[in-house]
Amino acid sequence: MANRNQLLTLITGADKGIGFETATKLGEAGQHVLLGARNAEKGQRAVDRLRSQGFVVDLVVVDVTDKQGIDQAATKIDDEFGHLDILINNAGIALDNHEKASKLSTAIMRKEFDVNFFGLIDVIQAFLPLLQKAKSAKIINLSSNMGSLGLATDPQSQFYNVNSLGYQASKAAVNFATICFAKELAGTNVTVNSVNPGWTATGFGGRNLNEPTPAGMQTPAEGAEQIVKLATDSKNVMTGTFTESGGTLPW
């Protein structure tokens, strides 16, 4: 069984990028991190790096597009630990190449929704019973400012002329999932919130990791900042919000 004085946190897609940085910061904060990774070899390398720093970390092999695998992971965690304190839905993909909406393949959009939205829903549904066993639990969904309808329709916003229909729509759907789950779980021990990490210097963010960080991009630590804040603030019980390190974002 887990040390109940140590928060047990599962992070999907945590073998690299913002997910790995989040795992690092939460390890530093004394949490027991369950590092979710689709690839066992890459996941184990990430776990070994974190353990070498003295953190309590275990690998959970989970592909968010494999519902059976998700259910098996939930059963395994239930058997080993009996609960879950924090679920961070970090796994995501972006396949759009800024094509016009009239040209973007729906096959590409379906792949983005499979990971960013349907995978997230499957993970929440599978792990919710474990979260409900905790004294106080949190679901933190990684969204994006690119999924904000308010910013997308504001002519003064930098996102007004962005064309990335599949990715943007999938993140807007993530926000709606956050709202629905937050309303369903209102008054319970589980809070549900969306976080925008921002444009971050990772492979996912489009950075060539062998070259200097482009101007305007955040460091992974900056991208993880708001996620870590929500995951470590025991006094903050807000739910149904969409925030970033700079404050609240419009839905």
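Which residues of the largest nonpolar core touch the most other members?

**View 1. The largest nonpolar core of the predicted model.** Leu10, Leu34, Ile77, Leu84, Leu87, Phe127 and Val190 touch the most other members of this core, which has 35 residues. A nonpolar core is a set of buried Ala, Val, Leu, Ile, Met, Phe, Trp, Tyr and Cys residues joined through side-chain atoms within 4.5 Å; buried means under 20% relative accessible area with a 1.4 Å probe, protein chains only. Its largest share, eleven residues, comes from α4. Apart from this core lies another, of 24 residues, including Ile11, Leu26, Ile88 and Ile227.

**View 2. Surroundings of Leu34.** Beyond four places in sequence, Leu34 touches Leu8, Thr9, Leu10, Ile11, Asp58, Val60, Ile77, Phe81 and Leu84. Contact means heavy atoms within 4.5 Å.

**View 3. Helix α1, residues 17-28.** Helices are DSSP runs of H or I with at least four residues, and strands are runs of E with at least two, numbered from the N terminus. Nine of the twelve residues of α1 are buried, so the rest of the structure largely encloses this helix. Among the buried residues are Phe20, Glu21 and Leu26. Their cover includes β1 (8-11), β2 (32-37), α2 (40-51), β4 (86-89), β5 and α7. Just after α1, Gly30 takes a positive phi of about 90°.

**Notes.** Residues are numbered from 1 along each chain as its sequence is written. In this predicted model, local features need pLDDT of at least 70 and side-chain atom pairs pLDDT 80 or more, totals for chains, interfaces and linings use all residues, and side-chain values use heavy atoms, without hydrogens and water.

Methods: Expected span 1.5 Å × (residues − 1). Buried < 20%, exposed > 50% of the residue type's maximum accessible area, 1.4 Å probe, protein only.
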